[in-house]
Amino acid sequence: QKEISPKYKTIADKTDTHPCYNCGAHNYARMHLPIAPKCNISCNYCVRKYDCPNESRPGVTTKILTPEEACEKYLEVKERVPNLSVIGIAGPGDALANFEETKKTLEYIRNEDKDITFCLSTNGLMLPQYANELIELGVSHVTVTMNAVEPKLGAKIYKYVDYMGVRYFGEIAAAILMTNQLSGIKMLTSKGIICKVNIVMIKGINDNHIPEVVNKVKKIGATITNIMRLIPVQGSEFESLPLVNNKEIMAMRKQCEEILPQMYHCKQCRADAIGTLGNDISIEYSKCHNSEKV
Ligand code: SF4
Ligand code: SF4
């Protein structure tokens, strides 16, 4: 067991300076490192694009970086962005479906900076397997995207789930995913890790079900939920679904705020976002590294 010096930030200090967990921290910057191209499930709204400088949404990055390149980029950005407080792994695939890369990246950066906040987002499928290792690596904030707690509904959202070498479909796939999401969140929160649950609001599919998801994750210790509207991307199964309008999403957030605090300021960022939430400077770094496209 490593000795923790009191000079290092506590998890509460880290929450205070994390712009996604505390809207009062809007002057702090976060940096997403796009080292995780693969995914182990298939969401019907997902289209991942590599080499795309013009689009701003999850799953998009100009390049995939190796852990070594990610650390180099971090050192460059740290020099230029003194208010950088958070390093996040947010795809473009799933952080835990690329666990070796995630682990190496966080280890390299921890060698350079003992205090920076580590944040990670995942679909949660592999959380029970990796939760303890994430804690060892110093991850303090984890976001799990969880769109349903009913396998019947989940089967409409997920095309398949690849788990332990087998591809599952339909309700079985959704049930495996949900079971792991819930037990993974519980493992993390029981050890003091801060968990946020992202919920994609999909009109006609899970919109009426969202309060049930929020209730469920509250019971297992989630701190906040982030209800985001579906972006019906061309080429995805859900490309022709209707958009949730502002009024509808705000009403849902208000309703769920009775249960758990809500995030109102999410920007649905790119997998290589850098800067404060209001000022993404990732484009300025897009020509610096030469990783292979996948
Ligand atoms: Fe895409 Fe993320 Fe779903 Fe994987 S978990 S299919 S990367 S949206
Ligand atoms: Fe924060 Fe939302 Fe951007 Fe994630 S997608 S970094 S939660 S603002």
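Student: At what angle do helix α7 and helix α8 pack?

Tutor: This is a predicted model. In the model, helix α7 (residues 210-219) packs against helix α8 (residues 246-257) at about 35°, and their axes are 10 Å apart. The crossing in which α7 passes α8 is right-handed.

Student: Which residues of α7 and α8 make the contact?

Tutor: On the α7 side they are I210, P211 and V214. On the α8 side they are M252, Q255 and C256. By class, this contact of α7 with α8 has 5 nonpolar residues, 1 polar residue and no charged ones.

Student: And α4 with α6, at what angle do their axes cross?

Tutor: The axes of helix α4 (residues 127-137) and helix α6 (residues 170-189) cross at roughly 20° and come within 8 Å. The two helices, α4 and α6, are therefore roughly parallel to each other.

Student: Is the crossing of α4 past α6 left-handed or right-handed?

Tutor: α4 passes α6 in a right-handed crossing. From α4, the residues L127, P128 and A131 take part in the contact. From α6, the contact is made by N180, Q181, S183, G184, M187 and L188.

Student: How do the residues of that contact divide by class?

Tutor: The contact of α4 with α6 has 5 nonpolar and 4 polar residues, with no charged ones.

Student: What about α2 and α3, how do their axes cross?

Tutor: The axes of helix α2 (residues 67-80) and α3 come within 9 Å, and the crossing angle is roughly 35°. The crossing of α2 and α3 is right-handed. P67, A70, C71, Y74 and L75 belong to the α2 side of the contact, and they meet E101, K104, T105, Y108, I109 and E112 in α3.

Student: How many charged residues are in the contact of α2 with α3?

Tutor: There are 3 charged residues in the contact of α2 with α3, together with 7 nonpolar and 1 polar.

Student: Changing topic: which residues surround ligand 1?

Tutor: Ligand 1 is surrounded by C39, I41, S42, C43, C46, R48, G59, G91, G93, D94 and N123. The shell around ligand 1 divides into 4 nonpolar, 5 polar and 2 charged residues.

Student: I see G91 in that list. Which peptide bond from G91 is cis?

Tutor: The bond from G91 to P92 is cis, with omega near 20°. P92 lies in the loop between β5 (84-89) and α3 (99-112).

Student: Then ligand 2, which residues are around it?

Tutor: The residues around ligand 2 are C20, R30, C266, K267, Q268, C269 and L277. By class, the shell around ligand 2 has 4 nonpolar residues, 1 polar residue and 2 charged ones.

Student: What is the phi of M164?

Tutor: M164 has a positive phi of about 50°, although M164 is not a glycine. M164 is in the loop between β8 (158-163) and β9 (166-169).

Student: Finally, how many helices and strands are in the protein?

Tutor: The protein has 8 helices and 13 strands. Its radius of gyration is 18 Å, close to the 19 Å that the globule rule gives for 294 residues, so the protein is as compact as a globular protein of that length.

Student: What does the C-alpha trace span along its principal axes?

Tutor: Along those axes, the C-alpha trace of the protein spans about 45 × 40 × 40 Å.

Notes. Residues numbered from 1 in each chain as written. Chains lettered and ligands numbered in written order. Predicted model: local features only at pLDDT ≥ 70, side-chain atom pairs only at ≥ 80, totals over all residues. Near = placed C-beta within 6 Å. Nonpolar A, V, L, I, M, F, W, Y, C, P; charged D, E, K, R; others polar. Axes fitted to C-alpha atoms, helices over the stretch in contact; angles between N-to-C directions. Helix = DSSP H or I, 4+ residues; strand = E, 2+ residues; numbered from the N terminus. Parallel < 35°, antiparallel > 145°, perpendicular 65-115°, else oblique. Left-handed = near helix turned anticlockwise from the far one by under 90°. Contact = placed C-beta atoms within 7 Å. Rg over C-alpha atoms; globule rule 2.2 N^0.38 Å.
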